[in-house]
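The following report walks through one protein model, from its annotated segments to individual residues. Please keep the sequence and the coordinates at hand while reading.

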Amino acid sequence: MRNGLKLGLVALGLFVLLAPTSVFAKTNWTLDPGKGVTSLSLSADGSKLAVGSYDTHAYVFDQEGKKLTDIAANNVVTGVTVIGNEKLLVSSDDRRLYAYDLNGNLLWESNLKKRVEGVSASADGSVAAVTVQNSPDLLLIDTASGEAKGKTNIGFRVQDAAVASNGKYIAVGGKDQNAYLLDEQGKLLYKAGMDGTISSVAVTGEGELVVGLTTPKVIVLNAKGEVERTIDVQDAVKDVAVASDGRTIGAADYAGNFYVISDKGKVLWKIRVNAPATRVVFDAKAVNLYGGTEDGQIYRYDVESAVKGAASAARNAQYVNVAIAAGVLIAAAALFLVLKKYNRLSVFRRIWKAKWIYVALFPAFFLLIGFLYVPAISGLYHSLYDWHPGGRSSYVGLANFRRMLTDEYVTKGIGNLAILIVTGLIKAIVPPLVVAELIYHLKSKRLQYYFRTAFVSSMVIPVVAMLLIWQNLYDPNLGLINHFLDAIGLESLKHSWLGDSKTAIWSVIFIGFPFVGILQLLVLYSGLLGISEELIEAAKMDGAKFMRIVRSIHLPLLSGQFKFLIILTLIGVIQDFNAILIVTGGGPMDSTYVPALQMYYAATKFDQLGYASALGVSMFFVILLITVINMKFLRSSRE
C-alpha cells in the first residue's frame, strides 16, 4: 500500500512537471454568414484589428470583437493593412486601392486599372507594396497620396507580397515557384526556388523569409536565400506571418489549423477550428495571435504562454529524462546489492546460459509492450490534456472527464449500451447453449462432426460483409424483409427499420440472427464434452430426464465457461462500435450512439484526441470493474 502511494505521488509529480502552459482563446467572434475572411492586419499598438471580407466590406474591430468601423468597397476586399495607429489601406477587386482613417473616413483612392490582389506596408508606412492580377510587377505606392513611386518586374506573375515591419525588406512569392527578397527600393537581393506552389510569404526585419507552400510545408530562408528550416503542416498553407522580433512564426492551413512555430522550426502550439483557416497575424509583441477562417470566424489566442512555456517544457523534459536515467541506475544498483546480499548473483549466469531463449522472446515482448502497454499508458496520460499530436498540447486535468457528464451523445450512448449489454449477454449464452446441447445429444458421432463443421465453416464470412448484407436486408425499398412482409400480405408492417429512431437500435440488435456465435458454441460444447459420462449415466439411472440433467448437471458444471463468455461479451459490447458505424453511423439522430462511437468520432472527425483518450480510459475502468465483480461473485465448479 505504501509503495503504491509513493508511485502515485511520483506519477502525479511527473504529470505536473510535464504539464505545458495553456493557450487561451480570449476572443472568438463571427462576421455575418458568407463573409469569409480574406485578410487581417493590426494597428501598431494592437488595439484595433482590420478585417477584409469576401462580402465587399472592410471592418475595424477592437480587441474584444466590437465593430468600430464598416467600410464598403465595390467588390471583394482582397487586402487590408494598418499603418501605425491611424491609417488603413484597402485593396479591392474593383481595381482600386483606398486609404481611410480608422474611423472610416476616406483619405484617397487610386485606380490601378487592374484587379488589386493584395497590399502590404511597413509599420510607419514608408514602404507599401501592391500586387495586381496576372502581372509580374510589384508596385511601390506612396501611402500619403496613393501615387505609384516605383515598380519591380520579377519576370513572372506575383502570387503574394509582404513588407517587413521596419520597411527594410520586401518578400515576394511568384507563381513560378520562386521566392524573391527585395530591398526597400524594390531591388532584387536574391531568388530561391521552392519545391511546391507558393501560397503566402512573410519577412522579418533582418531579411529572413518565411514561405508557405501548398505541398504542405513552411520554409524558412536566411538573408542569403539558404533554406534554414522546413516545417511540415497538415494541409495546404493558406497564410504565414512572423512576429516583429522575428522569433515566432504563425501559419494557417486549409484543414483549419493555426500554428505557432519557433525560430528553430519547432511547432510550439497548434489548434484546429471547424473551417479552413485563411489568415493569421501577430500583434507587435507576439502576445496575441489572430486567425480568420473561410466561414467568417475570427479568433484571438493568447500565445505568449505557449512561446514562453516551450522553453520551460523543454527544460522540464530534460530534468525528467535525467531523473529517469538516475532512477534506472539506482534501481539497478539496488537490485545488484540485494542479489549479492542473498547470494543470488548466480541468476545472471543462468540468464546468460539461456541467452538465446531470451533473444527469441524479445521480439514478442517488444511488440507486446510497444503496441499494447505503451498506447494504454499514453491514453491515460493524454486523457488529462487537450492533446494535439505534432502541436502544442495543454494540460486540462480532469476537464475531459467532466465533459463526459454533460455530453449528450455519451449520456444517450450509455442508455443504448445498457440495452446492448443485456441483449448481448442473452445472445452470447442462450442460443449457443441450445445448439451445443442439441449437437451434444445427437446419437451419431458423425452427425456431431458434420454439424460442428457446418457451424464453424461460417467463420470464413467477413464480419463487414455480414453487416452489409443485413444493411441491404433492412433497406426500406429493396430489402428482403419488407419484400417478405409484402409477399405474405403484411404491408402495414413494412418499415424503414434503420431510418426510424424507435426501431434503429433494435434492428442493430437483431443483426446476426439466430445469434449462434461460433466461439461461444465451441466453448460451451467443449465444456459439455468435459463432463464425466459416469455422472450423466448415474443421473439417468436415478430417473433424471433431459431437462433435469441440463438444469442440475450441465449448467452448474459450465459455470466456468459462462464466466469466460460473460467477461468476453462485456468487453466486446463496451468496446465495439463497428456494426453501428457501418450500418447506421450512430443515427438516425443519436438513436444508436454508444460511448465507443463517440470516442471514435472525437478522435477522427473532431480532432479531440484528449477527450477521446478520456473516453477510452473511462471504458477501461468500467470493463475492469465489471470483470472484477464477475470474477469475485461467479464461481466455477472447480472454485
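In the unreviewed UniProt entry, the feature "domain: ABC transmembrane type-1" is placed at residues 414–630; UniProt positions follow the numbering used here, feature names are shortened, and annotations may be inferred rather than shown by experiment. Over residues 414–630 the chain is 71% helix and 0% strand, with the end C-alpha atoms 20 Å apart, where helices (H or I, at least four residues) and strands (E, at least two) are DSSP runs numbered from the N terminus.

The model is predicted, and local features need pLDDT of at least 70, side-chain atom pairs count only at pLDDT 80 or more, while totals for chains, interfaces and linings use all residues. Residues are numbered from 1 along each chain as its sequence is written, and side-chain values use heavy atoms, with hydrogens and water left out.

**Overall form**

The secondary structure of the protein comes to 17 helices and 30 strands. Its radius of gyration is 34 Å, well over the 26 Å that the globule rule gives for 639 residues, so the protein is more spread out than a compact globule; the radius is taken over C-alpha atoms, and the rule is 2.2 Å times the number of residues to the power 0.38. Along the principal axes, the C-alpha atoms fill a box of roughly 115 × 85 × 40 Å. Of the 639 residues, 46% are buried, where buried means under 20% relative accessible area, exposed over 50%, and partly exposed in between (1.4 Å probe, protein chains only). Among contacts with a separation of 6 or more, 47% come from residues 24 or more positions apart, a contact being heavy atoms within 4.5 Å.

Residues 504–531 are 68% helix and 0% strand, with end C-alpha atoms 42 Å apart.

A nonpolar core is a set of buried Ala, Val, Leu, Ile, Met, Phe, Trp, Tyr and Cys residues joined through side-chain atoms within 4.5 Å. The largest such core has 21 residues, and those with the most contacts inside it are A436, L524, L528, I536, I549, I553 and F562. At least two residues of this core come from each of α6 (408–440), α11 (518–529), α12 (533–541), α13 (546–557) and α14 (559–575), and α6 gives the most, with six residues. Apart from this core lies another, of 18 residues, including L417, I421, I505 and M619.

**Backbone details**

| Site | Backbone value | Location |
|---|---|---|
| F513 to P514 | cis, omega about 15° | P514 in the loop between α10 (504–510) and α11 |
| G587 to P588 | cis, omega near -5° | P588 in the loop between α15 (578–583) and α16 (595–604) |
| T56 | phi about 70° | loop between β3 (48–53) and β4 (57–62) |

At 23% relative accessibility T56 counts as partly exposed, whereas K113 is exposed, with a relative accessible area of 60%.

**The surroundings of D137**

D137 lies in strand β12 (residues 137–141) and is buried, with a relative accessible area of 15%. Leaving aside neighbours within four places in sequence, D137 is in contact with V130, K151, T152, N153 and V158. The C-alpha atoms of D137 and V158 are 7.2 Å apart, while the two residues are 21 residues apart in sequence.

What does the side chain of D137 make with the side chain of N153? The two side chains form a polar contact at 3.3 Å, which is to say a pair of N or O atoms within 3.5 Å; within protein, one must be able to donate a hydrogen and the other to accept it, and residues adjacent in sequence count only if both atoms are side-chain atoms.

The backbone nitrogen of D137 also lies 3.0 Å from a polar atom of the side chain of S135. S135 is found in the loop between β11 (128–132) and β12 and is buried, with a relative accessible area of 4%. With neighbours within four places in sequence set aside, S135 is in contact with K114, F156, R157 and V158.
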